[in-house]
Amino acid sequence: MNKKTLIGWVASTIVMLALTILLLSLGDISLSFGQVLQALFGGGDRIASIVVWKMRLPYVAAALITGACLAASGLLLQTLTHNALVDSSILGVNAGASLGAVLLITLGASIRGFATDTWLPLAAVLGACLSLALVAGQKGTGSRLQLLLRGVALTALLNGVILMLQLNMNSFAFDRVLVWLSGSFWNVDWVFLRHYGLAAIALIVIVFALIRPLGMLVLGDDMAAASGVNVTKLKRGTLLLAIALAAVAVTVGGAISLVGLMAPNIAKHWCGHRFAALLPVTIMVGEAIMLLATIVANNLFLPALLPVGLVVAVITMPYFLFLLFQQ
Amino acid sequence: MMRRSKWALNAELLVLVLGLAALSLSAGVHWYAPSALWTSQPQVTSIMWQIRLPRVIAAAAVGALLAFAGQLMQGLSRNPIADPSILGVNAGATLMLMLGALNGLALTIINTLWLSLLGAGIAFMCVLALAMRRGGLDVLRFILGGTVFSSLITCLAYAVGLLTNSTAQFRNLLVGGFTGATASQALTASSGVIVVVIIALFAHKELSLMVLDDTTARSLGVDPSRVRLLAALLVVICAGIAVAIAGNIGFVGLGVPQVIAYLHPDRFEKNMAPTMLGGAAFMLAVDVLAKTVTAPNELPLSALSAICGGIFLFAILSDPRRQRL
């Protein structure tokens, strides 16, 4: 491992931890770093520990889950398509998962005793699969620009449907519309988050287990095949992983845009293109972006709270434009 | 496709627009025949004259403006995927209107107009600056950069609305619609159409040369950058007026010019009139849907047109005959 990669790892971890503590200490009741650390490890006064554990830690968890999932999914998709301008939100996967969730919630509201929460991840995964199949599944239309534009077109279309469903349920529920259009932590209940946290960890462990063959895939299909990897199978599995990761992120935080695009590209600056080095840093950077956005959304405009997705958009979209401008 | 004569197509479209206008006049919570405009019941006539007629006129005019803006942009960028809403012009106007209103400007017709023209102009300049290269317009940057820029501006508009607790106030602007169209708005929109048509008539030669490459245009004695400036100005005027009247409605300018070009493949300037008529017909049809499908609630118009436009855009992109983009 070279020095630059090591610096990348250390730096991204430190940034991530620092942002976590910052998020825990800022707010209506501001706590000192010492109080936060004490409360985290079981000590400290009662108020501090309630604030940290009950009010702020769920946001940290939600930010970590969405950040890690979106970043990992973005990196996988970029590896598969050999295209640095791709992620789950550009390809319409997030919008598909969102629409799946919205449809389920809309239907669930009209059927009594329907366990919406149980089926939510399935609906999101189905929506995500369908939209990716529509965007990437067409034969003979392989141009890079067309793939991206189809994603953009599908996102516009699906967002229209979401807007219609949500506004028709209640004409003034803009906050709820925005959850599924641009992303927001809509449920910060511990039980809810625990399930998705576990799912996220399981998926990311699988990605780590695939580091070696995926590293070969970065070098090209031929290289991967020559080193004894079953390329077709690997690609299919990776695609499913990327979809599942995006779907988990969307069920927790709505259709958050472009984190999966920004994180891998920043990580590449620090540690080059080697997949094994890139993956952990990408995940850390994704988490850092989400934590930063949560801090801004929850604190900068008090007493108003912003949906975190809007802040993410303001951070990541200019970065995308910058990348596009550099190309 | 059988080639139709220009006049036949225009006449057909005009009949379609008038028919849809009549339908839109009669549609609503209560259905009245268009002849109710001259009925003896004062309550009904006032609904027809003060609510429905302005709405019909505004919808037709805005549709015409947006379709023409789309045609201009497609000519300007020489590619089929361009539209003021895709490229952030509409979003820019929306954001500027919100900012103006929140800074204490009363949203009178005049204020609305200049604010949204200013916003549209700034946004379009940003997108063009992003897309310009030494060799001319870079299509990838223009479309992809434009779409992302557009959603960035839309997110900012939502954020501004949420922070100032005014999303309800700006609902019509954010989701688009003709719900509260007034007589003065209808008047503004239709005078906007007239102004644009007059400019287009005077400049139709130049505009038709826009689709040529720069060297050919120059050899015909036209300065290509002047033509582009003119077209850009027209786009800003069209989109600005449309947003000022109806809020952020997208994708009208995407499909209509292409359907017209398919029905009647001809030079740019010959397709201007059918495109505007087609846009008016499309907007009227969508508006009728918006007010009837879930009556007495109204569907958000921007969502409806995004669905139509998204399907259309997706179909273009998946068409195997259009590999070259």
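**Chains A and B**

B:Phe251 is buried, because 30 C-beta neighbours lie inside 10 Å. For the cut-offs: buried takes 20 or more other C-beta atoms within 10 Å of a residue's own, exposed takes 12 or fewer, partly exposed is in between, and the C-beta atoms are placed from the backbone.

Before going on, a note on provenance: this is a predicted model, where local features need pLDDT of at least 70, side-chain atom pairs count only at pLDDT 80 or more, and totals for chains, interfaces and linings use all residues. Residues are numbered from 1 along each chain as its sequence is written, while chains are lettered from A and ligands numbered from 1 in the order in which they are written.

Back to B:Phe251. Its place is in the loop between α10 (224–246) and α11 (252–263) of chain B. Helices here are DSSP runs of H or I with at least four residues, strands are runs of E with at least two, and both are numbered from the N terminus. The phi of B:Phe251 is near 70°, which is positive in a residue other than glycine.

A:His82 sits in the loop between α3 and α4 (93–110) of chain A. Is A:His82 buried or exposed? A:His82 is exposed, because 12 other C-beta atoms lie within 10 Å.

Next, A:Thr79, which is found in helix α3 of chain A. A:Thr79 counts as buried because it has 22 other C-beta atoms within 10 Å. Leaving out residues up to four places away in sequence, A:Thr79 touches A:Leu214, A:Leu217, A:Val218 and A:Phe275. Touching, or contact, is when the C-beta atoms of two residues, placed from the backbone, lie within 7 Å.

After α9(A) comes A:Gly220, with a positive phi near 120°.

Chain A comes to 14 helices and zero strands. The radius of gyration of chain A is 20 Å, close to the 20 Å from the globule rule for 327 residues, so chain A is as compact as a globular protein of that length. That radius is taken over C-alpha atoms, and the rule is 2.2 Å times the number of residues to the power 0.38. The C-alpha atoms of chain A fill a box of roughly 60 × 55 × 40 Å along the principal axes. Of its 327 residues, 52% count as buried.

Chain B comes to 13 helices and two strands. Its radius of gyration is 19 Å, close to the 20 Å that the globule rule gives for 325 residues, so chain B is as compact as a globular protein of that length. The box for the C-alpha atoms of chain B is roughly 65 × 50 × 40 Å along the principal axes. Buried residues make up 52% of the 325 residues in chain B.

On to the contact between the chains. It takes 38 residues from chain B and 36 residues from chain A. On the side of chain B that touches chain A, α5 (139–163) and α13 (301–318) of chain B each supply at least two residues. α5(B) gives the most to that side, with 16 residues.

The largest nonpolar core has 231 residues, and those with the most contacts inside it are A:Ala246, B:Leu65 and B:Cys238. Such a core is a set of buried Ala, Val, Leu, Ile, Met, Phe, Trp, Tyr and Cys residues joined through C-beta atoms within 7 Å. Not counting residues up to four places away in sequence, B:Cys238 touches B:Leu65, B:Leu66, B:Phe68, B:Ala69 and B:Val196.

For residues 304–325 of chain A the end C-alpha atoms lie 34 Å apart, with 82% helix and 0% strand.
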